[in-house]
Amino acid sequence: MKNKILFSMYIALTAIFITGIVLSFNRYSFAGYYTDKAINVLWLLSTILTVIGFWREKAAKIYGILLVTLVLLSIIPMMIPFFGIVYYFSTTDDFQQIQLDNTYRIERTRPGALSKIKIQVYKNEGLIEKQLYDTPYQQVLKNTLENQHDPNPPIQKAKLVNLSKDSIGIEYLIQGYRKVFYHKENDDLYNL
């Protein structure tokens with residue numbers, strides 16, 4: 001009976017984990033920065049415990065070996081899929097998260113191993129949030145700074161100043177320089 005309850009809990013957590021993956025392919029995520037990370041870590045730990053707990057079962061052995069094999073196979077093509085997994089599960093190269101108001105937040109992040117640093121703008125929609133814009137950080141830096149010496153200076157402050165149907169204006173303070181940058185649809189790398 002206890003094993004059935006634990007297995008049911010693992011199936012429910014796996015469903016939530018897969019929902020998070022499907023949401024990310026559609027530019028959504030669970031609301032909050034650490035929510036997805038917490039779900040990922042819980043799923044990974046519960047997977048390890050489930051495989052160990054049910055190791056006598058043939059299905060658990062196949063499942064465990066399949067997962068380890070998939071991770072190892074992701075290392076073969078220049079480790080790009082493996083680093084995709086690492087970036088999805090961790091906070092690696094997530095430099096800053098700034099809450100603009102109760103609805104909007106930004107992240108200064110490198111979303112993948114081969115990606116350049118970007119500013120991602122998110123809109124909270126209850127339990128989930130949608131990624132609205134994905135702008136290269138270099139564009140924000142060129143707009144804000146007069147002379148750029150540091151390739152990745154931190155954002156000292158960011159403030160929402162204008163919101164319209166097709167853009168969002170954010171005032172950035174970087175290295176003492178203050179300027180408004182408008183994130184627009186044509187800046188969005190997904191739509192190029």
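L173 stands opposite R178 in β8. Strand β7 (residues 167-174) pairs with β8 in the antiparallel sense over 8 bridges; two strands count as paired if DSSP finds at least two bridges between them. The model is a predicted one, in which local features need pLDDT of at least 70 and side-chain atom pairs count only at pLDDT 80 or more, while totals for chains, interfaces and linings use all residues. Residues are numbered from 1 along each chain as its sequence is written, and side-chain values use heavy atoms, with hydrogens and water left out.

The open sheet has 3 strands in the order β6-β7-β8, with antiparallel pairing. Because β6 (157-163) and β8 (177-184) stand at the edges with a single partner strand each, one side of each is left without a neighbour in the sheet. Neighbouring strands of this sheet are turned by 25 degrees against each other on average, direction ignored. Helix α5 (residues 137-144) lies across β7 and β8 and runs at about 135 degrees to β8. Contact means heavy atoms within 4.5 Å. Axes are lines fitted to C-alpha atoms, for helices over the stretch in contact, and angles run from 0 to 180 degrees between N-to-C directions. Helices (H or I, at least four residues) and strands (E, at least two) are DSSP runs, numbered from the N terminus.

An unreviewed UniProt entry lists residues 7-26, 38-55 and 62-89 under "transmembrane region"; such annotations may be inferred rather than shown by experiment. Two of these spans are described below.

| Span | Distance between end C-alpha atoms | Helix | Strand |
|---|---|---|---|
| Residues 7-26 | 29 Å | 95% helix | 0% strand |
| Residues 38-55 | 25 Å | 89% helix | 0% strand |

The largest pocket holds about 1,500 Å³ of space. Its lining has 47 residues, and G84, I85, Y87, Y88 and F89 are the closest to the centre. Helix α4 gives the largest share of this lining, 10 residues. By type, the lining of the largest pocket divides into 27 nonpolar, 12 polar and 8 charged residues. Ala, Val, Leu, Ile, Met, Phe, Trp, Tyr, Cys and Pro count as nonpolar, Asp, Glu, Lys and Arg as charged, and the others, Gly among them, as polar.

The second largest pocket has a volume of about 240 Å³. Of its 13 lining residues, L6, Y10, S46, L49 and T50 lie nearest the centre. The elements giving two or more residues to this lining are α1 and α2. The lining of the second largest pocket has 9 nonpolar, 4 polar and no charged residues.

A pocket is an open set of points on a 1 Å grid over the protein atoms alone, where a 1.4 Å probe fits, with protein on both sides within 12 Å along at least five of seven lines; lining residues have an atom within 4 Å of a point. Grid points are joined across faces, edges and corners, and a volume is the space filled by probe spheres set on the points.
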